[in-house]
Amino acid sequence: MHAPQVNIALRAARQAGNLIRRAAENNDPLSVDRKAAHDFVTQVDRAAVPEYYAVVKKPMDLGTVETKLNGGKYATVADFAADVELIFNNAKIFNTEGSDIFELADGLARDFDGRMEAVPLGPLR
């Protein structure tokens, strides 16, 4: 992948992260509560929500995505995008449609997909 493509992918990743962080700080244009947004940034607490891990077989969170991205663990943009989409899909699988977390996941997934349309899904390394 050429350097401009990597930069576009990294910019899209950071924009997705910024959207979620703004939500977590309650500066969210989607007007969701702070706890709902925080649930995307960190791993779901196994002790507090053990049933999550019975339902969600491949947990993912933005902190893990960011660590993997910064550590060069993604071979392709598609690998990175799959993990981000996994975050939102997991939230929609576990939470009831209409709940704050489900609706936030749905909105962020649409926004992320829109931003990723312009990003080639080739190599990241």
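Ala54 lies in helix α3, where helices (H or I, at least four residues) and strands (E, at least two) are DSSP runs, numbered from the N terminus. The model is predicted, so local features need pLDDT of at least 70 and side-chain atom pairs count only at pLDDT 80 or more, whereas totals for chains, interfaces and linings use all residues. Residues are numbered from 1 along each chain as its sequence is written, and side-chain values use heavy atoms, with hydrogens and water left out.

With a relative accessible area of 52%, Ala54 is exposed; buried means under 20% relative accessible area, exposed over 50%, and partly exposed in between (1.4 Å probe, protein chains only). The C-alpha atoms of Ala54 and Phe94 are 9.8 Å apart in space, with the two residues 40 apart in sequence.

The protein chain contains 6 helices and 0 strands, and its pattern along the sequence reads α-α-α-α-α-α. Of its 125 residues, 39% count as buried. Contact means heavy atoms within 4.5 Å. Among contacts in the protein chain between residues at least 6 apart in sequence, 63% join residues at least 24 apart.

Tyr53 is also placed in helix α3. Its relative accessibility is 17%, and therefore Tyr53 counts as buried. Leaving out residues up to four places away in sequence, Tyr53 touches Gln43, Val44, Asp45, Arg46 and Pro59. Over the ring of Tyr53 sits the charged end of Arg46, 3.8 Å from the ring centre; the criterion for a charge over a ring is that NZ of Lys or CZ of Arg is within 6 Å of the ring centre and within 35 degrees of the ring normal. Between Tyr53 and Phe94 the C-alpha to C-alpha distance is 9.5 Å, at a sequence separation of 41 residues.

The structure holds 5 aromatic pairs. Rings of Phe, Tyr and Trp (its six-membered ring) pair if their centres lie within 6.5 Å; planes under 30 degrees apart count as stacked, over 60 as edge-to-face and the rest as tilted. One of the pairs is formed by Tyr52 and Phe94, which are edge-to-face at 5.1 Å centre to centre with 70° between the planes. This pair links distant parts of the chain, with Tyr52 in helix α3 and Phe94 in helix α5, 42 residues apart. Tyr52 counts as buried because its relative accessibility is 6%, while Phe94, at 27%, counts as partly exposed. A further edge-to-face pair is that of Phe80 and Phe112, at 5.8 Å centre to centre and 70° between the planes. Distant parts of the chain are again linked, since Phe80 belongs to helix α5 and Phe112 to helix α6 (residues 100-116), 32 residues apart. Phe80 counts as buried at 1% relative accessibility, and Phe112 is buried with a relative accessible area of 1%. Ring pairs also link Tyr52, Tyr53 and Phe94 into a cluster.

Pockets were assigned on a grid. On a 1 Å grid over the protein atoms alone, a cavity is a set of points where a 1.4 Å probe fits but cannot get out, and a pocket is an open set with protein on both sides within 12 Å along at least five of seven lines; lining residues have an atom within 4 Å of a point. Grid points are joined across faces, edges and corners, and a volume is the space filled by probe spheres set on the points. The largest pocket holds about 370 Å³ of space. It is lined by 20 residues, of which Asp39, Gln43, Val44, Asp45 and Tyr52 are the closest to its centre. Two or more lining residues are given by each of α2 (34-41), α3 (50-55) and α5 (77-94). Helix α2 supplies the largest share of the lining, 4 residues. By class, the lining comprises 12 nonpolar, 4 polar and 4 charged residues; Ala, Val, Leu, Ile, Met, Phe, Trp, Tyr, Cys and Pro count as nonpolar, Asp, Glu, Lys and Arg as charged, and the others, Gly among them, as polar.

Asp83 is located in helix α5. At 6% relative accessibility, this residue counts as buried. Apart from its neighbours within four places in sequence, Asp83 is in contact with Met60, Val65, Lys68 and Tyr74.
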